[in-house]
Amino acid sequence: MNILDDEVFAVIMAIIVVGSVFSVAQLLRPSVTEPFTAIGLLNENCKIGDYPSKVFRGENITLCIFLYNYMGYPLLMQVRYKIGSNTTLPTNSTPSPMPTIHVYDKLLDHGENTTFYVEVPIKVNESFVGKRIALIFELWIYDIDHGKWVYSGRWGHLYVEVLESPIP
């Protein structure tokens, strides 16, 4: 009967050890009940509002981009800058069909955010002078399981009127 007691005691101890390790791991692991990513478009002072409404064709304007990762793990995030119109804006499921003009990459850990300056080129031809365009900033995430970039369904845009470049 002493052998049976030792075996029962060993099994109970093993269950306690495994249960303790599992409990501690659950406490130390960040709890993410609603994972999400975020992108924000800010003005040249990295603030909301007071955005430019008119831009010169061929110039670069300064804006800021805000990114946030709350997915529970590190993310390689990419912002793709495009120029379009109200008919070529992205949706929650599809990116804009317009070509990418510039790409900005950032690696963010869970719970981390960053705000960074971007020099945005206004690359449009003469036919856009006097017209309203959309400066589009799409958020893409690198899917390590499939080895490719995936559109997140998140974007920001700013409408501006294009003016002819001033004579130097």
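User: What should I know about the model before we start?
Analyst: It's a predicted model, where local features need pLDDT of at least 70, side-chain atom pairs count only at pLDDT 80 or more, and totals for chains, interfaces and linings use all residues. Residues are numbered from 1 along each chain as its sequence is written, and side-chain values use heavy atoms, with hydrogens and water left out.

User: Which way do S4 and S7 run?
Analyst: Antiparallel, with eight bridges joining S4 (residues 75-84) to S7. Pairing takes at least two DSSP bridges between the strands. Lys82 stands opposite Ile136 in S7.

User: And how many bridges does S7 make with S8?
Analyst: Twelve, also in the antiparallel sense, with S8 covering residues 148-163. Asp143 stands opposite Lys148 there.

User: Switching topic, where is Ser96?
Analyst: Ser96 is in the loop between S4 and S5 (100-108). Ser96 counts as buried because its relative accessibility is 4%.

User: What does its side chain reach?
Analyst: A polar atom of the Ser96 side chain lies 2.6 Å from the backbone oxygen of Thr88, and one lies 3.2 Å from the backbone nitrogen of Met98. Leaving aside neighbours within four places in sequence, Ser96 is in contact (heavy atoms within 4.5 Å) with residues including Lys82, Ile136 and Glu138.

Definitions and conventions
Helices (H or I, at least four residues) and strands (E, at least two) are DSSP runs, numbered from the N terminus. Buried means under 20% relative accessible area, exposed over 50%, partly exposed in between (1.4 Å probe, protein chains only). A polar contact is a pair of N or O atoms within 3.5 Å; within protein, one must be able to donate a hydrogen and the other to accept it, and residues adjacent in sequence count only if both atoms are side-chain atoms.
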